[in-house]
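Trainee: Could you walk me through this one before I set anything up?
Mentor: Gladly, let us look at it together.

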Amino acid sequence: MPARLWDLLENVCRAAQWHSAAAGSASDYRRQLGWETAARSAVHAGRPVVEAVASSVRPEEAEPARRLLRAMDGTPPFPGE
């Protein structure tokens, strides 16, 4: 998988803009919160595949996957998932 795709998955995993905005506002962000929650959940659901790639002997494959695993560990699913 190209490195750009690993970076995209990491960015999706870390995204919390709508949750942050909703925390400080009375506006209705439910729809956007749902998208953000679903996107992070989808990345987390792929963890077994990411773990398999992270164990590759090829560093160009393993390192981006390991970086994504660290991001996943640092950004658990949103509460209520």
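Mentor: Before the pattern, a word on terms: helices are DSSP runs of H or I with at least four residues, strands are E runs of at least two, and both are numbered from the N terminus. Please also keep in mind that this is a predicted model.
Trainee: How much of it is buried?
Mentor: Of the 81 residues in the protein, 28% are buried.
Trainee: And what share of the contacts join residues at least 24 apart?
Mentor: Taking contacts between residues at least 6 apart in sequence, 61% join residues at least 24 apart.
Trainee: Which residues make up the largest nonpolar core?
Mentor: That core has nine residues in all, namely Trp6, Cys13, Val43, Val50, Ala54, Ala65, Leu68, Leu69 and Met72. At least two of its residues come from each of α1 (3-14), α4 (47-54) and α5 (59-74), and α5 gives the most, with four residues.
Trainee: Pick Met72, then. What does Met72 touch?
Mentor: Setting aside residues up to four places away in sequence, Met72 touches Cys13, Val43, His44 and Arg47; of these, Cys13 and Val43 are themselves listed in the largest nonpolar core.
Trainee: Now the helix pair. At what angle do α1 and α5 pack?
Mentor: The angle is about 0°, and the axes of α1 and α5 are 9 Å apart. Angles under 35 degrees count as roughly parallel, and α1 and α5 are therefore described as roughly parallel to each other.
Trainee: Which residues meet there?
Mentor: From α1 there are Trp6, Asp7, Leu9, Glu10, Cys13 and Arg14, and they meet Pro64, Ala65, Arg67, Leu68, Ala71 and Met72 in α5. By type, the residues of this contact divide into eight nonpolar, no polar and four charged.
Trainee: What about Arg4, is that buried or exposed?
Mentor: Arg4, whose place is in helix α1, has a relative accessible area of 70%, and because the cut-off for exposed is over 50%, Arg4 counts as exposed.
Trainee: How far is Arg4 from Pro64 in space?
Mentor: The C-alpha to C-alpha distance between Arg4 and Pro64 is 9.4 Å, although the two are 60 residues apart in sequence.
Trainee: Switching topic: where is Ser56 found, and why does Ser56 count as buried?
Mentor: Ser56 is found in the loop between α4 and α5. Its relative accessible area is 18%, and buried means under 20%, so Ser56 falls on the buried side of that cut-off.
Trainee: What does the side chain of Ser56 reach?
Mentor: The Ser56 side chain reaches the backbone nitrogen of Arg58 at 3.0 Å, and a polar contact of 2.9 Å joins the side chains of Ser56 and Glu61. If residues up to four places away in sequence are not counted, Ser56 touches Glu61, Ala62 and Arg66.
Trainee: Last one, Thr75. Where is Thr75 found?
Mentor: Thr75 is in the segment after α5, and at 12% relative accessibility Thr75 counts as buried. A polar atom of the Thr75 side chain lies 2.6 Å from the backbone oxygen of Ala71.
Trainee: And which residues is Thr75 in contact with?
Mentor: Leaving aside neighbours within four places in sequence, Thr75 is in contact with Cys13, Arg14, Arg40 and His44.

Definitions and conventions: Residues numbered from 1 in each chain as written. Predicted model: local features only at pLDDT ≥ 70, side-chain atom pairs only at ≥ 80, totals over all residues. Heavy atoms only, no water. Core = buried A, V, L, I, M, F, W, Y, C linked by side-chain atoms within 4.5 Å. Buried < 20%, exposed > 50% of the residue type's maximum accessible area, 1.4 Å probe, protein only. Contact = heavy atoms within 4.5 Å. Axes fitted to C-alpha atoms, helices over the stretch in contact; angles between N-to-C directions. Parallel < 35°, antiparallel > 145°, perpendicular 65-115°, else oblique. Nonpolar A, V, L, I, M, F, W, Y, C, P; charged D, E, K, R; others polar. Polar contact = N/O pair within 3.5 Å; in protein donor to acceptor, adjacent residues only side chain to side chain.
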